[in-house]
Amino acid sequence: MNEQTRVDRPEGLAALEERLATDLAALNYPPANWVPETRHADGPVSDVVILGGGMCGLVAAFALQRAGIRNLRILDRSAAGCEGPWVTYARMETLRSPKQLTGPAFGIGALTFRQWFTAQWGEAAWEALDKIPRPMWMDYLRWYRYALALPVENGVEVIRVAPKDGLLELTLGGPAAREPVIRCRRLVMATGRDGTGAPNIPDFVTHLPRGDLWAHSSDEIDFASLNG
């Protein structure tokens, strides 16, 4: 497993991870990369770049690797373990969807939230669970990334995407960007709600100080300062 994606492991997961490794080996995962190399005079070319290392980005990477497409990169501007809204600006106490949904498991029983949960707290706790607490879902996604050794590059932001020479050229920024520009054949936008564009702020509040008198729902809000 990739130390770069390692997270703190609660006790009880070792047997599940061993089972997962056995199941994946039986399914010939990861298969050899079958896609012919694409060359460019300016540098390497990824077959796929996935923009976003949250839930959808992770399962997209797993699906591509299962299909034998391994020359890929996953980029996320957030810090490791904070991808998506789950422990940043999401406000709900629990997920709204039922706990029985298999989520990003992609047909692998050992990858389901249920197996991750029962490996640590048992079947009785699963039966007693109503809906999944939001921070716990993030813990599960951190484990999913670790268990599959998915190579997410955190602290990397895509500033611009432009066609060039039959490829896509991505201009990068962020504190962890290793190069200013990269190239790929295909781009997967796994940016969640951020993918719909910039926040739509009503004109009548734009001249007021942000943070003091108003905030967008995706901002980090100091609710204690609003008491009274």
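Mentor: Begin with a definition: contact means heavy atoms within 4.5 Å. Helices (H or I, at least four residues) and strands (E, at least two) are DSSP runs, numbered from the N terminus. Axes are lines fitted to C-alpha atoms, for helices over the stretch in contact, and angles run from 0 to 180 degrees between N-to-C directions.

Trainee: What else applies to the values?

Mentor: This is a predicted model, in which local features need pLDDT of at least 70 and side-chain atom pairs count only at pLDDT 80 or more, while totals for chains, interfaces and linings use all residues. Residues are numbered from 1 along each chain as its sequence is written, and side-chain values use heavy atoms, with hydrogens and water left out.

Trainee: Which pattern does the protein chain follow along the sequence?

Mentor: The protein chain has four helices and six strands. Read along the sequence, they give the pattern α-β-α-β-α-α-β-β-β-β.

Trainee: What is the order of the six strands in the open sheet?

Mentor: Two strands pair if DSSP finds at least two bridges between them. The pairing in this open sheet is mixed, and the order is S3-S2-S1-S6-S5-S4.

Trainee: Why is one side of S3 and of S4 left without a neighbour in the sheet?

Mentor: Strand S3 (152-154) and strand S4 (157-164) each have a single partner strand, so one side of each has no neighbour in the sheet. From one strand to the next, the twist averages 45°. The places that S3 and S4 hold are the edges.

Trainee: How many bridges join S1 to S6?

Mentor: S1 runs parallel to S2, with four bridges between them, and Val49 has Arg73 in S2 as its bridge partner. S1 also runs parallel to strand S6 (residues 181-189), where Ser46 has Cys184 as its bridge partner. The number of bridges joining S1 to S6 is six.

Trainee: In what sense do S4 and S5 pair?

Mentor: Seven bridges link S4 to strand S5 (residues 167-173), with Arg160 opposite Thr171 in S5. S5 also pairs with S6, over four bridges in the antiparallel sense, and there Leu168 stands opposite Cys184. For S4 and S5 too, the sense is antiparallel.

Trainee: At what angle to S1 does helix H2 run?

Mentor: Helix H2 covers residues 55-66. It lies across strand S1 (45-51), strand S2 (72-76) and S3. To S1, it runs at about 150°.

Trainee: How many residues of S2 are buried?

Mentor: Buried means under 20% relative accessible area, exposed over 50%, and partly exposed in between (1.4 Å probe, protein chains only). Leu72, Ile74 and Asp76 point one way from S2, and Arg73 and Leu75 point the other way. S2 is mostly covered, and its buried residues are five of five.

Trainee: Is Ile182 buried or exposed?

Mentor: Ile182 is found in strand S6. Leaving out residues up to four places away in sequence, Ile182 touches Val49, Arg73, Leu75, Leu168, Glu169, Leu170 and Leu172. The C-alpha atoms of Ile182 and Glu169 are separated by 5.9 Å, though the two are 13 residues apart along the chain. Because its relative accessibility is 5%, Ile182 counts as buried.

Trainee: Which peptide bond is cis?

Mentor: Most peptide bonds are trans. With omega near -5°, the cis bond is the one from Tyr29 to Pro30.

Trainee: Where is Ala149 found?

Mentor: Most residues other than glycine have a negative phi. Ala149 has a positive phi of about 55° although it is not a glycine. At 26% relative accessibility, Ala149 counts as partly exposed. Its place is the loop between helix H4 (134-148) and S3.

Trainee: Is Asp165 buried or exposed?

Mentor: Asp165 lies in the loop between S4 and S5. It is not a glycine, yet has a positive phi of about 55°. With a relative accessible area of 57%, Asp165 is exposed.

Trainee: What share of the 228 residues in the protein chain do buried residues make up?

Mentor: The C-alpha atoms of the protein chain fill a box of roughly 60 × 55 × 25 Å, taken along the principal axes. Of contacts between residues at least 6 apart in sequence, 68% join residues at least 24 apart. The buried share of the 228 residues is 39%.
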